[in-house]
Amino acid sequence: MDPDLKIIFDNVQESFKLKIERIETNTLWKFSIPNYSELMINKSHYDKLCELFQHWNSKFDLVTKSKTDLSDEDLKNQLIYCLLSRYESCFGKNEGAGLHGALPPSLFELLKREMNANFECFASPLNSYFSQYCSAFPDIDLFFGSFGSFLHFQPKEGFFFFFSLFVIH
């Protein structure tokens, strides 16, 4: 599966071909626009984004509402490219891995089981444990389950998990 996609950046008024390929024994995906950019994502993160996209698109029909003539698969891959570009340009490679403290899955499982937690207040489509979360970039992340910025989130009830960013001084 190596689809070529056309990406149009309105502000540049040019078309680019997006090439997607599996490399290194199918453990990495490479998204590239020749002579422009190259972004890598590991298979587990790519699969997670595909699952989130499928879940939220089937629930809210986001592809139809986006008013595009692209197929679900093409739109999904364009959005993954945009998501990877955004996070890399803002946080560097590996989605700013040093900017947040990851908790072990066993703690998330405990909170879900004992407290009925199912929502993260500070996450991204790449690092979220739950499929519902608030994130920094709702314009792209909403296709992968984001409820928008936590600063604008107004829940009525529920158990919401806070584990904010940390900075090493």
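Guide: Start with burial: a residue counts as buried when its relative accessible area is under 20%, and as exposed when it is over 50%. The model here is predicted. Phe53 has 3% relative accessibility, so Phe53 is buried.

Visitor: Is Phe144 buried or exposed?

Guide: Phe144 is buried, because its relative accessibility is 0%. By contrast, Asn26, in the loop between S2 and S3, is partly exposed with a relative accessible area of 40%.

Visitor: How is a pair of aromatic rings described?

Guide: Such a pair is described by how far apart the ring centres are and by the angle of the planes. There are 13 aromatic pairs in this structure. For Phe53 and Phe144 the centres are 6.0 Å apart and the planes are at 45°, so the pair is tilted. This pair joins distant parts of the chain, since Phe53 is in helix H1 and Phe144 is in the segment after helix H5 (138-141), 91 residues apart.

Visitor: Which kind of pair do Tyr129 and Phe130 form?

Guide: Their planes stand at 85°, with the centres 5.1 Å apart, so the pair is edge-to-face. Tyr129 is partly exposed at 34% relative accessibility, whereas Phe130 is buried at 6%.

Visitor: Which residues of the largest nonpolar core touch the most other members?

Guide: The core has 27 residues, and those touching the most other members are Phe31, Ile41, Ile80, Leu83, Leu84 and Phe144. H3 contributes the most to this core, with seven residues. Beyond residues up to four places away in sequence, the contacts of Ile41 include Trp29, Tyr46 and Leu126.

Key
Residues are numbered from 1 along each chain as its sequence is written. This is a predicted model: local features need pLDDT of at least 70, side-chain atom pairs count only at pLDDT 80 or more; totals for chains, interfaces and linings use all residues. Side-chain values use heavy atoms; hydrogens and water are left out. A nonpolar core is a set of buried Ala, Val, Leu, Ile, Met, Phe, Trp, Tyr and Cys residues joined through side-chain atoms within 4.5 Å. Buried means under 20% relative accessible area, exposed over 50%, partly exposed in between (1.4 Å probe, protein chains only). Helices (H or I, at least four residues) and strands (E, at least two) are DSSP runs, numbered from the N terminus. Contact means heavy atoms within 4.5 Å. Rings of Phe, Tyr and Trp (its six-membered ring) pair if their centres lie within 6.5 Å; planes under 30 degrees apart count as stacked, over 60 as edge-to-face and the rest as tilted.
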